[in-house]
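Come along if you like notebooks with cut-offs in them.

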Amino acid sequence: DTQSFVKAGLHFDGPAFKSFRKYCEANELIHISTSVVEREVRSKIRLSVKDAISAIQTFRRKARLISSLNDEKIKGLFEEVPDEDVYTSAEAVFDEFMKACSTEVLEAGGIDNEELLSMYFNKKPPFGDGKKKAEFPDAIALLSLKLHLQDGEKIYVVSDDPDHKAYCDC
């Protein structure tokens with residue numbers, strides 16, 4: 001689930017991701033994701049980078065006084081880097097993680113749209129009460145995983161989302 005990536009701060013060199021990656025590289029785990037999660041993570045990365053660039057710009061405005069100091073470490077704080085280079089580098093870290101984990105990304109094209117609509121209108125997980133339209137990406141991702149499974153095969157879904165858990169319990 002995208003939430004797992006966000007909860008880890010999108011820090012793909014953090015302890016949890018390093019450990020996960022190690023098991024994938026040793027072929028002890030198989031990483032399966034969905035196009036929904038991949039797109040959501042990319043969107044979250046772009047938002048995070050946008051916030052960081054904004055914070056840097058605010059810092060530079062407020063710290064103009066020290067920008068003229070003759071100290072190389074301080075001058076480095078004011079070095080300009082094109083925004084697009086930052087976005088590209090941040091996404092490259094995610095791409096490298098996915099590649100290192102030999103991630104199989106499942107497309108949503110084959111899901112049963114009638115099953116999706118039935119889940120929504122019958123308020124079944126991940127939708128539940130309140131017809132939570134924002135849950136469509138989660139439902140599509142879960143149905144993509146379900147479609148991938150063979151009879152009797154099991155998969156671990158990593159998420160703290162109670163709606164994900166409710167769907168998996170069904």
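Predicted model: local features only at pLDDT ≥ 70, side-chain atom pairs only at ≥ 80, totals over all residues.

Residues are numbered from 1 along each chain as its sequence is written, and side-chain values use heavy atoms, with hydrogens and water left out.

**Entry: salt bridges**

I counted a salt bridge when a side-chain nitrogen of Lys or Arg lies within 4 Å of a carboxyl oxygen of Asp or Glu. My search of the whole structure found ten of them. Helices (H or I, at least four residues) and strands (E, at least two) are DSSP runs, numbered from the N terminus.

I began with Glu38 and Arg42, whose closest N and O atoms are 3.3 Å apart. Both sit in helix H3, four residues apart, about one turn of the helix. Arg42 counts as partly exposed at 22% relative accessibility, and Glu38 is partly exposed at 21%.

Next I looked at Arg46 and Glu91, which meet at 3.4 Å, N to O. Arg46 lies in helix H3 and Glu91 in helix H6 (residues 83-100), so this pair ties together parts that are 45 residues apart in sequence. Is Glu91 buried or exposed? At 19% relative accessibility, Glu91 counts as buried, while Arg46 is partly exposed at 32%. I then noted a network of salt bridges that links Glu38, Arg42, Arg46, Glu84, Glu91 and Asp95.

Lys7 is exposed at 61%, and Asp160 is partly exposed at 38%.

**Entry: the largest pocket**

I used a 1 Å grid over the protein atoms alone; a pocket is an open set of points where a 1.4 Å probe fits, with protein on both sides within 12 Å along at least five of seven lines, and lining residues have an atom within 4 Å of a point. The largest pocket holds about 770 Å³ of space. I found 28 residues in its lining, with Phe20, His31, Ile32, Tyr156 and Val158 nearest the centre. Which element gives the largest share of the lining? Helix H8 does, with four residues. Helix H1 (2-7), helix H2 (15-25), strand E1 (32-34) and helix H8 (136-148) each supply at least two residues.

Most residues other than glycine have a negative phi, and most peptide bonds are trans. I therefore flagged the exceptions here. Leu10 has a positive phi, near 55°; Leu10 lies in the loop between H1 and H2 and is buried at 17%. Asn27 also has a positive phi, near 60°; Asn27 lies in the loop between H2 and E1 and is exposed at 69%. Pro125 and Pro126 are joined by a cis peptide bond with omega of about 10°, and Pro126 is found in the loop between helix H7 (113-121) and H8.

Definitions and conventions
Points joined across faces, edges and corners; volume = space filled by probe spheres on them. Buried < 20%, exposed > 50% of the residue type's maximum accessible area, 1.4 Å probe, protein only.
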